[in-house]
Amino acid sequence: MVEEVPGDVADANALDPEALGFMCGLEVHQQLATGKLHSRQPSTLYEDGIEDIEGHWPRAHRRLRAARGEGGRIDIAARFEQRRNRSFVYYQSPNAGLIEMDEAPPLEHDEDAVEVALTMAAMMSAKPVGALQAMRKTVVDGSNTSGFQRTTLIGTHGSIETPSGPVGVDVICLEEDSARKLDTRSTPDGEQVVYTLDRLGVPLVEVATAPDVQTPEHAKETALALGTLLRDTRRVRRGLGSIRQDLNVSIGAGDRVEIKGCQDLDWIPRIIRLEMARQLHFYRLANQLRAAQDLPALPSHRDLDDSETEAKVAEKVGQLMPLNLHDVTSKFDQCESKMVRQSIESGAVVLGLSLPGLAGLLGSKQLDGEGAQLPRLGRELASAAKLAGVKGIFHSDELPAYGIEQKETDACQAILGDCFVLCVAPQWQAELALEGVLSRAKLAYHRIPQEVRNVVIRKGAPEDGTTTAMRPLPGGARMYPETDIPTTPINPAVWQSIRSNLPPSRDERLTRLNSTDLSENQINALVSGELDDYFMDGIDGEFELPQKAWASALLDYGTEKLNALAVAIHLRETGVITREGVEPLVNDAVTQDTPTLLAWMTSEASIRGFEPADTGAVDAAVAEVLDERADFVKERGMAALGPLMGVVMGKLGGAADGKAVSSALKEQIQRRL
């Protein structure tokens with residue numbers, strides 16, 4: 001008798017990770033703020049959309065195919081992508097040359113990128129490899145012009161600390177980022193995917209943890225700890241898309257699934273719990289299907305699977321559900337569905353696939369208590385079909401619906417039986433989509449497949465935390481040595497130097513600033529904005545800038561014209577320019593040379609009227625305004641200070657420091673009350 005696996009699929013948040021045999025690890029991919037890894041091009045990312053690029057940037061058209069790896073096998077993920085019959089258009093951005101176009105061999109590793117990756121490895125107490133050996137990792141989704149991604153192992157056997165305990169780091173790699181997808185178009189010969197090459201070759205550090213994550217909440221802690229550690233180097237890119245987290249998740253009754261697209265850390269626990277529920281649902285469905293066909297039950301843990309038994313089940317299921325496609329286009333001549341009618345008019349066909357034994361088990365859309373779609377086989381079948389590029393499928397459990405009426409449903413049932421799937425698409429595409437549907441339907445009798453899945457995104461954020469299938473989980477056949485890049489030994493002296501000069505951690509940075517006069521908010525803002533090193537340089541540097549003023553200036557203006565900002569703050573604090581003169585003088589500065597800036601800003605302050613008025617002029621202007629507005633001051637008291645600030649500043653022609661005016665106003669109003 002098979003042991004029952006506990007848990008309510010409809011209440012993912014209540015699932016017990018320990019009871020379910022939960023396992024989880026993370027893969028974090030972080031872009032580095034260096035040049036490209038193998039081409040010496042800058043890592044500039046352009047905001048241009050396809051409408052801005054077409055007709056302006058050179059382009060190339062390619063088709064890719066899967067090749068056998070060094071072991072003589074074609075990787076399963078590569079073989080799958082090739083069957084999708086896609087072609088690719090590449091727009092050559094200004095920072096993409098012959099190497100990005102795969103028309104020249106790659107150069108050796110960028111030295112800065114290697115140094116940053118080794119620094120990260122040292123911060124994780126990892127062991128560096130003896131030499132850098134670039135590898136080719138087969139990728140035929142078109143995101144690499146060469147058909148592979150170059151990746152290099154940097155270190156192994158590291159660890160990071162989290163509030164819930166240490167998490168091991170299995171590998172740290174340095175690899176190229178992929179091209180950026182701009183568009184996907186349908187053509188009579190298959191899908192055409194459009195990429196731009198600005199991101200291709202940007203260095204990424206990939207950190208893969210051990211499966212030491214204890215709970216879904218611990219996964220969030222781990223992602224946060226890893227991201228903080230990587231940013232502590234101050235040599236990584238910031239902003240949307242610069243860091244990506246992938247989750248490797250399984251329960252004992254399921255199997256390993258890699259989930260991509262986890263951009264928002266707050267969503268990680270929910271995404272993981274919904275995946276646990278999905279795996280539990282399909283384990284139970286498999287045993288329901290097996291019982292109906294008098295087949296051996298699926299064990300409660302994958303480690304108990306018997307390959308001979310599974311092969312016999314697969315054989316029986318293959319006999320039960322053969323690939324037998326039927327063209328039922330003629331049954332939809334009078335269909336009310338606008339989409340179906342227009343598709344047929346444009347040359348599409350309606351193909352049907354019979355799925356005996358699955359009637360009533362494909363399911364319809366239902367939500368859990370938090371609004372997430374509950375797992376159902378019909379959604380998995382649709383996900384499998386969409387990999388062929390179709391927009392979706394219709395299945396018998398949800399018909400009649402979507403403009404398909406009872407008469408079309410009955411006509412299809414007469415041909416296909418009680419359970420069937422329909423696909424409306426060009427002939428080749430509908431056939432490929434339904435082959436994928438049949439393959440996934442057969443897998444319903446087995447444990448869930450190992451695969452790569454993607455978080456469903458709507459309007460730039462997770463829709464509900466659920467996922468859809470992307471491709472089979474890649475195997476070892478996709479990796480083989482890169483012959484164009486020589487092996488480079490890691491100098492032990494370089495490694496020791498890196499270990500001896502590690503950047504401070506976030507906690508160390510906070511501790512360093514706690515000894516200053518800054519508020520807690522300013523301290524946190526400086527560290528979070530990666531401005532604390534600039535702050536320390538300013539207060540300890542040539543001008544010994546006042547702490548609060550320099551911190552405020554950095555937070556307000558940033559570091560784009562850092563030296564000009566430091567000079568302006570120095571001149572403001574020494575009474576050479578007014579507070580109001582800082583921003584325009586910094587913005588207009590055309591040099592970062594300190595002596596030149598000192599002379600130029602002093603001169604410009606005089607010319608533009610940014611020289612502070614002397615104390616006597618300020619006091620006189622304040623007294624004059626208070627005399628003119630005596631009734632207003634009597635009525636409002638100290639509340640008159642704010643409204644009168646602008647009046648005094650206007651009388652002084654803007655040539656006064658706001659702080660000095662405020663102080664004088666406050667003092668004279670108090671004397672008059």
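Two strands count as paired if DSSP finds at least two bridges between them, and strands themselves are DSSP runs (E, at least two residues), as helices are (H or I, at least four residues), both numbered from the N terminus. The model shown in these views is predicted, so local features need pLDDT of at least 70 and side-chain atom pairs count only at pLDDT 80 or more, while totals for chains, interfaces and linings use all residues. Residues are numbered from 1 along each chain as its sequence is written, and side-chain values use heavy atoms, with hydrogens and water left out.

**View 1. An open sheet of 4 strands, in the order S2-S3-S10-S9.**
The pairing in this sheet is mixed. Strand S2 (59-62) and strand S9 (180-187) stand at the edges with a single partner strand each, so one side of each has no neighbour in the sheet. Direction ignored, neighbouring strands are turned by 20° against each other on average (axes are lines fitted to C-alpha atoms, for helices over the stretch in contact, and angles run from 0 to 180 degrees between N-to-C directions). S2 and strand S3 (residues 87-91) run antiparallel and are joined by 4 bridges. His61 has Val89 in S3 as its bridge partner.

**View 2**
Strands of a sheet pair through backbone hydrogen bonds, either parallel or antiparallel. Strand S4 (residues 127-128) runs antiparallel to S7 and is joined to S7 by 2 bridges; here Lys127 has Thr156 as its bridge partner. Strand S6 (residues 134-138) also pairs with S7 in the antiparallel sense, over 5 bridges, and Ala134 stands opposite Thr152. With strand S8 (residues 165-176), S7 forms 10 bridges, again antiparallel. Ser159 stands opposite Gly168 in S8, and a hairpin of 2 residues joins S7 to S8.

**View 3. A salt bridge between Arg278 and Glu380.**
Side chains of opposite charge can pair when their charged atoms come close. The structure holds 42 salt bridges (a side-chain nitrogen of Lys or Arg within 4 Å of a carboxyl oxygen of Asp or Glu). In the pair shown, the closest N and O atoms of Arg278 and Glu380 are 3.5 Å apart. Arg278 belongs to helix H5 (residues 268-292) and Glu380 to helix H8 (residues 377-386), so this contact ties together parts that are 102 residues apart in sequence. Both Arg278 and Glu380 are buried.

**View 4. A salt bridge between Glu310 and Arg290.**
The closest N and O atoms of this pair are 2.6 Å apart. Because Glu310 lies in helix H6 (residues 307-320) and Arg290 in helix H5, the pair ties together parts that are 20 residues apart in sequence. Glu310 is buried at a relative accessible area of 14%, and Arg290 is buried at 1%.

Asp305 sits in the loop between H5 and H6, and Arg447 in the loop between helix H10 (427-443) and strand S18 (451-458), so the pair ties together parts that are 142 residues apart in sequence. Asp305 is partly exposed, at 29% relative accessibility, whereas Arg447 is buried, at 7%.

**View 5. Aromatic rings and a charge over a ring face.**
The whole structure has 5 aromatic pairs (rings of Phe, Tyr and Trp, the last by its six-membered ring, with centres within 6.5 Å; planes under 30 degrees apart count as stacked, over 60 as edge-to-face and the rest as tilted). Phe394 and Tyr402 form a tilted pair, 5.9 Å centre to centre with 45° between the planes. Phe394 is buried, at a relative accessible area of 9%, while Tyr402 is exposed, at 53%. Ring pairs also link Phe88, Tyr90 and Tyr195 into a cluster. Arg440 lies over the face of Phe282, 5.3 Å from the ring centre (a charge sits over a ring if NZ of Lys or CZ of Arg is within 6 Å of the ring centre and within 35 degrees of the ring normal).

Notes: Buried means under 20% relative accessible area, exposed over 50%, partly exposed in between (1.4 Å probe, protein chains only).
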